[in-house]
Every structure is written in structure tokens, then in C-alpha cells.
Amino acid sequence: METVVSGIRSTGNLHLGNYYGALQNFIKMQHEYKCFFFIADLHSLTTHPTPADLHGNVRQVLVEYLAAGIDPEKATIYVQSDVPEVTELYLYLNMNAYMGELERSTSFKDKVRAQPDNVNAGLLTYPVLMAADILIHRATKVPVGKDQEQHLEMSRNFGNRFNRLYNHDYFPEPYAFNFSENLVKIPGLDGKGKMGKSEGEGNAIFLSDTPEAIRKKVMRAVTDSGPTVQNQSKPSEIQNLFDLMKVVSPADTLAHFNNLYNTCSIRYGDLKKQLAEDMIIATAPIRDRINEITNDADYLRKVAAMGADKARESASKTIKEVREIIGFRNF
């Protein structure tokens, strides 16, 4: 079985974009590949979370991974910081990563602009840590979005450079992997781009949101004054709502509101009410599981410990072989 690696930063609750864009595929992959799904708490340190926030966010992502349907018996679910071999490989790869290439990283330049008062070394070497996450399990398949493809290319570069430097064909090349042929992009409620935490809480529907919270967020979604010509194209903020409906609503519901729009008889209030109710129905099983698992501390402890053991078994083998290749020897 080929190895798949993917991680989600522990920066709070997962949302519909995470679920339909990634988690649904993770659930299918776990039956066909050797899957490592980790919670990237080390990556989150670049934004300096408080200790309470750090632990709480890791716990929440673990709960929601499990509630969404990832099976710890089939896939390896682990917390990044529970596998110290990752940071050891990160150190070795840093020795062969060059300032120029790291400074040219698009994400680094974006972060410099976004947080000029916190341009830390972790931001600069973020792609190296990501490479360590992948290479530690010698993975060949990495589910990533467009915004991460440059990092994945850098991971290949770092692995290939290690192979050349030590004249040893050790690390395989990891490539972007989309399990589903149809990539699902979930737009946000602000009418601008994709759903995400960084755009503000009102932009995202979280898997743990109560029905009341979902209704409130959807009713505040951006709209316009309505169509004035039959069959006119939809502006982006309206298309976003229809795209969300395409994911969570029955096909006849989507067709009904499309017809109302095309005949200039749509009422956005009715569209939003229907969309909110369909979101509530779609997320209900996950929300129930979240509430159930959240209160089961023993189960969470067991899953985290089992995941750490399985991840370290893979990672320790890699580190042992990497140390031998580099030339570390015991006296």
C-alpha cells in the first residue's frame, strides 16, 4: 500500500471547507492506502498560541477528525509534537535548505506582509518542517490544495538534495494527490473567496456550530439587490450561496432556487433559510458525534497514544536509516 500523509494545523474548529474539501476524501483513503493524518501543532507555534489555546485546539481537531469518520484502527491519527523524530529530521533538512529558496516562498512573503511584527524563523523554515512531516514516513502521496503545491515541490527538492548529497537513493518523491476526480471548493459566506478561519468566524460554518449559530451566520451572508434580467449570470457572492447549496442540498432544491433566480422571482431570505436548514441536516451526525466524543477523555487519550506509537514506529525507522546515511555512528 502506498503511503499518504496529510495534516491540519491546530488553529481551532474544522469547518465545511475542511470536511468537504479534505476529510471526506481522508475517510475514503483510509481503506485503500497507508494513511498518516496528523494534527500540526508545531506549525501553529508560528502564531504564538497560549498553552491553553494550543492544547484545546489540538484536542478539538482530534475530536473532529474522529467525529467526521476517520478510524484510528485503519489510519494513523497523531499529534505532530508526539513524534520527536519529525523535529530531528527537520534539523537535518534545515542544514541543506538555503536562505534564498526559503525567502522566495510565496507563503513566507505573504506572512511577512500579513504579520510584519512577527517574522520569526519558524515562518521562514515552515516548508522544511512540512517536508519533514512528509519525508519522515517516506510518503509518495500528499493531498494538498493549490496554495500548498509550492511547499510540496520544495519537499521534493529537499528529499532529492539529501539523496544527491549522500549519494543514496533514499527518499522517494512525494506528489500532490487528489483521491476524488471532482475537487470540491467550499466558498465562504463573505462573498469573496474560500471558506476559512482566517477570514473571520462569520465566513465559516464550523462542524461543531449549533443550529442557531448556523442560521445566524447564513442569514448574514452577503447578497445583492437581486436579478433584473432573466437568466443573467450570478455575481460571485450569489454564486457562492448556490455553490454551497450544491454541496449540502438535494438536487431538486438547488434546481428550484436556480429557476427562481433565472425568472427574477427569487427571495434571498427564503434561499438563506433553506440553505441553513440543509446545512444543519448535513452536519447533524457529525455534531452529535462531536458532543459524544468531547466528553470521553479516556477514548481521546487512548487514540492519541495509539497514534503516537504507530507514527513513531514509522518515523524511528526513517531516522535510524537517515542517521546511518549521514554518518552518525555509535562508539
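A: Start with Leu23. Beyond its neighbours within four places in sequence, Leu23 is in contact (heavy atoms within 4.5 Å) with Leu14, Asn18, Tyr65, Ala68, Ile70 and Leu207.

Two notes on reading come next. This is a predicted model, so local features need pLDDT of at least 70 and side-chain atom pairs count only at pLDDT 80 or more, while totals for chains, interfaces and linings use all residues. Residues are numbered from 1 along each chain as its sequence is written, and side-chain values use heavy atoms, with hydrogens and water left out.

Back to Leu23. Together with Tyr65, Ile70 and Met279, Leu23 has the most contacts inside the largest nonpolar core, a set of 59 residues. Helix α13 (residues 268–294) gives the largest share of this core, 9 residues. Another core lies apart from it and has 38 residues, among them Phe36, Val86, Tyr92 and Val142. A nonpolar core here is a set of buried Ala, Val, Leu, Ile, Met, Phe, Trp, Tyr and Cys residues joined through side-chain atoms within 4.5 Å. Buried means under 20% relative accessible area, exposed means over 50%, and partly exposed is in between (1.4 Å probe, protein chains only).

Now the strands. Helices (H or I, at least four residues) and strands (E, at least two) are DSSP runs, numbered from the N terminus. Strand β2 (residues 34–40) runs parallel to β1, and 7 bridges join them. Two strands pair if DSSP finds at least two bridges between them. Thr3 has Lys34 of β2 as its bridge partner. Ser6 stands opposite Phe37 in β2. Phe37 also stands opposite Ile77 in β3. Strand β3 (residues 76–79) pairs with β2 in the parallel sense, over 4 bridges. In β2, 6 of the 7 residues are buried, so this strand too is largely enclosed by the rest of the structure.

β1, helix α1 (residues 16–29) and β2 make a right-handed β-α-β unit. Right-handed means that, with the strands pointing away from the viewer, the path from the first strand over the helix to the second runs clockwise.

Glu2 lies in the segment before β1. At 38% relative accessibility, Glu2 counts as partly exposed. Setting aside residues up to four places away in sequence, Glu2 touches Tyr33, Lys34, Thr140 and Lys141.

Next, the rings. A pair of aromatic rings is described by the distance of the centres and the angle of the planes. Rings of Phe, Tyr and Trp (its six-membered ring) pair if their centres lie within 6.5 Å; planes under 30 degrees apart count as stacked, over 60 as edge-to-face and the rest as tilted. The structure holds 10 aromatic pairs. One of them, Phe242 with Tyr261, is edge-to-face, at 6.1 Å centre to centre and 75° between the planes. Phe242 lies in helix α11 (residues 236–248) and Tyr261 in helix α12 (residues 251–262), so the pair ties together parts that are 19 residues apart in sequence. Phe242 and Tyr261 are both buried. Lys234 lies over the face of Phe242, at 4.5 Å from the ring centre. A charge sits over a ring if NZ of Lys or CZ of Arg is within 6 Å of the ring centre and within 35 degrees of the ring normal.

Helix α12 also holds Thr253. With a relative accessible area of 15%, Thr253 is buried. Leaving aside neighbours within four places in sequence, Thr253 is in contact with Met245, Gln274 and Asp278. Arg267 lies in the loop between α12 and α13. At 56% relative accessibility, Arg267 counts as exposed.

Finish with a ring cluster. Ring pairs link Phe162, Tyr166, Tyr170 and Phe171. Arg138 lies over the face of Tyr170, at 4.1 Å from the ring centre. Arg138 lies in the loop between α8 (126–135) and β4 (141–142). Its phi is positive, about 50°, although Arg138 is not a glycine. At 31% relative accessibility, Arg138 counts as partly exposed.
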